[in-house]
Amino acid sequence: MKYLIVQILLFPILICQLFSQENMKVISLYNLKTDNSIWYANKNNFGKNNLENELSFILKEKFSWGQININISNAYENKNQIKSGESFLKFNFKNKSYLKIGQYYRDFSLYLDDNLSTGSILISKNAAPFKKIGFILNKDILGYNFDFGISHGQLRKNTIYSKAPYVHGKFIYMDIIDTQDQLFTIGLVHQALWAGGTYELGNFPSDFESFLKVFISADGPVDPTRPISHPNALGSHLGIWDFSFTKKLANQNELLVYYQHIFEDTSSFRFANEIDGLWGIQFTNLKNQSKFLVEYLDTTHSDLDPPYQADTYYWNYQYQDGWKYFKNIIGNPFINPNSGEKGVWGHQQLKVLHLASEIKLLESLNLRSKATKVIGKESNKYVATTNEMLFSLQLIKDYKKVSLFLDAFGEGENIVVGIGLQYKFN
């Protein structure tokens, strides 16, 4: 792919920029006694594997023309090799419009606090970011603010994919209410796996006509082995209706309410799966930057009226690795975490109640905490984890240029502890 070639050519330039102008901002060390059975020790951690000694370099530098991000770590793929995380070039245009090239997460649902949330329905920070190029356009139309975005990415070959699938993405957001003290936004986001190929089914269509069909979710070719009235849409589609409301309160307080409604086909697009998705309420004190979050995730309405309304979230009979990258769920990790594994697929139905907070205890001491309860509709292999309480605690102590992290991850009575150090450069 042409943009991947461009990225490879630009990477040496980025390295020269990094060292010649001394723009590297952070170096971090981390140590965790690995325990793969504990949920938050392995989820929402940028797709990293728990190594006893992790070394990371981070650069985040903004310029008038755009931004450079470089994130390099030895904690990917469990091979103790240096690999890149979220690393990209961003080129700014007028009115908050820009182009991004590299490996990055998302340009939508920007209200979501990834440090506290269970994770975005579509693209969280549970997996490593995949390579893509995206363009975002901000436009005022008839007095309303709109954000449009389109992206083209690619996953990778693995034991299921003989040829890496493409990832098409697009979104549109509209600010319905935009005043000095409140903002109500509605968005529609669409992602689709297409092209590529599997060892079992061979290669899938990848021509321009097929891309146009994927763009509008048009029907794919008829499969004689599947006796249905019309063929499914070409590719594997996933999306959300995205609602968020922000209200500024007295004494520098702010209230955020949001709902990400998941859909995979026409029925769930029309809310036939009722309230399924991610609900959240977040209270923020802007003066001391303390935050309190309550989230509720529901997937128990995924099979209400088969075959019309029968979704298997994050899984597709053609793209059998599911909505995954490097074996990690790209979206919310509580939804079908085992989809794509041999012999494990089906309707996962569960409810998740999640509480999180970030509190400033002292001038330079912060406490970040999460507590989560998972309730499966049926006790079977599709449920994300047991009914034990899951929790994560992180104590952050800041000095002038040094931050110390003390982490505790638990599930029931099982607890593991990690410790990290971060040094900030000028």
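Colleague: Is N95 buried or exposed?
Modeller: This is a predicted model. N95 lies in the loop between β5 (87–92) and β6 (98–103). Exposed means over 50% relative accessible area. N95 has 58% relative accessibility, so N95 counts as exposed.

Colleague: What is phi of N95 near?
Modeller: Most residues other than glycine have a negative phi. N95 is a residue other than glycine, yet its phi is positive. The value is near 55°.

Colleague: Where is N251 found, and what is its phi near?
Modeller: N251 is found in the loop between β14 (236–249) and β15 (253–263). With 65% relative accessibility, N251 counts as exposed. N251 also has a positive phi, and the value is near 60°.

Colleague: Is D311 buried or exposed?
Modeller: D311 lies in the loop between β17 (290–298) and β18 (324–325). The cut-off for buried is under 20% relative accessible area. D311 has 2%, so D311 is buried.

Colleague: With which side chain does the side chain of D311 make a polar contact?
Modeller: A polar contact needs N or O atoms within 3.5 Å. Here the distance is 3.3 Å, from the side chain of D311 to the side chain of S268. The partner is S268.

Colleague: Which residue has a side-chain oxygen that reaches the backbone nitrogen of E209?
Modeller: Look at the start of helix α2 (residues 208–215). The oxygen comes to within 3.1 Å of that backbone nitrogen. The residue is D207.

Colleague: Which residue follows α2 with a positive phi?
Modeller: Most residues other than glycine have a negative phi. The residue after α2 has a positive phi, near 60°. The residue is S217.

Colleague: What is the order of the open sheet of three strands?
Modeller: β9 (161–163) and β13 (202–203) are the edge strands, as each pairs on one side only. β12 (residues 197–198) pairs with β13 over two bridges, in the antiparallel sense. The order is β9-β12-β13.

Colleague: Which residue in β13 stands opposite G197?
Modeller: Strands of a sheet pair through backbone hydrogen bonds, either parallel or antiparallel. β12 and β13 use the antiparallel sense. Opposite G197 stands N203.

Colleague: Is L137 buried or partly exposed?
Modeller: L137 is in strand β7 (residues 131–141). L137 has 33%, so L137 counts as partly exposed.

Conventions: Residues numbered from 1 in each chain as written. Predicted model: local features only at pLDDT ≥ 70, side-chain atom pairs only at ≥ 80, totals over all residues. Heavy atoms only, no water. Helix = DSSP H or I, 4+ residues; strand = E, 2+ residues; numbered from the N terminus. Buried < 20%, exposed > 50% of the residue type's maximum accessible area, 1.4 Å probe, protein only. Pairing = 2+ DSSP bridges. Polar contact = N/O pair within 3.5 Å; in protein donor to acceptor, adjacent residues only side chain to side chain.
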